[in-house]
Amino acid sequence: MLTALAIANYRSLRDLVLPLQALTVVAGPNGSGKSNLYRALRLLAETAQGGVVGAIAREGGLASTFWAGPERFSRGMQSGDEPVQGGPRQQRQRLLLGFADDEFGYAVDFGVPPAGRSAFNLDPEIKLECLW
């Protein structure tokens, strides 16, 4: 049984580590990220089946899966005085997915290929993959 699910920089899920039980109920208002949680879990399944590149392409490409919010939250954003919105990126964007159970774990880090290294510059590239 999976005991934890980890997602970072996927759509509305900026940084999530979700402990799982035998029964985990996901509930919340519309727009709170429930569907993105399920979609991220589906991407993990596609990774295991070798179809993650196609699955990400069907979502509009890797760039469309990234967290669109800010890299850092200003004091104004935190206090509610400013809207929460993204801006120009200073750091490389990565999509991180992983899971664990009592005996093993898996994590994968997706990014875009370096410019000029691939004819498919918008396709996801696995930057790091770990199994423990």
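This is a short chat about a predicted model of one protein chain.

Student: How many helices and strands does the chain have?

Tutor: There are 4 helices and 5 strands. In sequence order the pattern is β-β-α-α-α-α-β-β-β.

Student: And the overall dimensions, what box do the C-alpha atoms fill?

Tutor: Roughly 45 × 45 × 25 Å, taken along the principal axes. The accessible surface comes to about 8,500 Å², and carbon and sulfur atoms account for 55% of that.

Student: What percentage of the residues count as buried?

Tutor: Of the 132 residues, 33% are buried. As for contacts between residues at least 6 apart in sequence, 44% of them join residues at least 24 apart.

Student: Let's go to α1. How far does α1 reach from its first C-alpha to its last?

Tutor: Helix α1 covers residues 34-48, 15 residues in total, and reaches 22 Å. That is close to the 21 Å expected at 1.5 Å a residue.

Student: Which of its residues are buried?

Tutor: In α1 the buried residues are Asn36, Leu37, Ala40, Leu43, Leu44, Glu46 and Thr47.

Student: What covers them?

Tutor: The cover includes strands β1 (2-10), β2 (13-19), β3 (95-101) and β4 (105-111), along with helix α2 (52-58).

Student: What happens just after α1?

Tutor: Glycine 50 takes a positive phi there, about 80°.

Student: Switching to the core. Which residues have the most contacts inside the largest nonpolar core?

Tutor: Leu5, Ile7, Leu43, Leu95, Leu97 and Phe110, in a core of 21 residues. At least two residues come from each of β1, β2, α1, α2, β3 and β4. The largest share, 4 residues, is supplied by α1. In soluble globular proteins, nonpolar side chains tend to be buried together.

Student: Take leucine 97. What does leucine 97 touch?

Tutor: Leaving out residues up to four places away in sequence, leucine 97 touches Ala6, Ile7, Ala40, Leu43, Leu44, Tyr106, Ala107, Val108 and Phe110.

Student: One more residue, glutamate 59. Where does glutamate 59 lie?

Tutor: In the loop between α2 and α3 (62-65).

Student: Is glutamate 59 buried or exposed?

Tutor: Glutamate 59 counts as buried because its relative accessible area is 17%, and the cut-off for buried is under 20%.

Student: Which side chains make a polar contact with the side chain of glutamate 59?

Tutor: Tyrosine 10 makes one at 2.8 Å, and arginine 11 makes one at 2.8 Å.

Student: What else is glutamate 59 in contact with?

Tutor: Setting aside neighbours within four places in sequence, its contacts are Tyr10, Arg11, Arg39, Leu43, Ser64 and Thr65. Leu43 is also among the core residues with the most contacts.

Note on methods:
Residues are numbered from 1 along each chain as its sequence is written. This is a predicted model: local features need pLDDT of at least 70, side-chain atom pairs count only at pLDDT 80 or more; totals for chains, interfaces and linings use all residues. Side-chain values use heavy atoms; hydrogens and water are left out. The expected span of a helix is 1.5 Å times one less than its number of residues. Buried means under 20% relative accessible area, exposed over 50%, partly exposed in between (1.4 Å probe, protein chains only). Contact means heavy atoms within 4.5 Å. A nonpolar core is a set of buried Ala, Val, Leu, Ile, Met, Phe, Trp, Tyr and Cys residues joined through side-chain atoms within 4.5 Å. A polar contact is a pair of N or O atoms within 3.5 Å; within protein, one must be able to donate a hydrogen and the other to accept it, and residues adjacent in sequence count only if both atoms are side-chain atoms. Accessible areas come from the Shrake-Rupley method with a 1.4 Å probe; for residues, only the protein chains shown count as cover.
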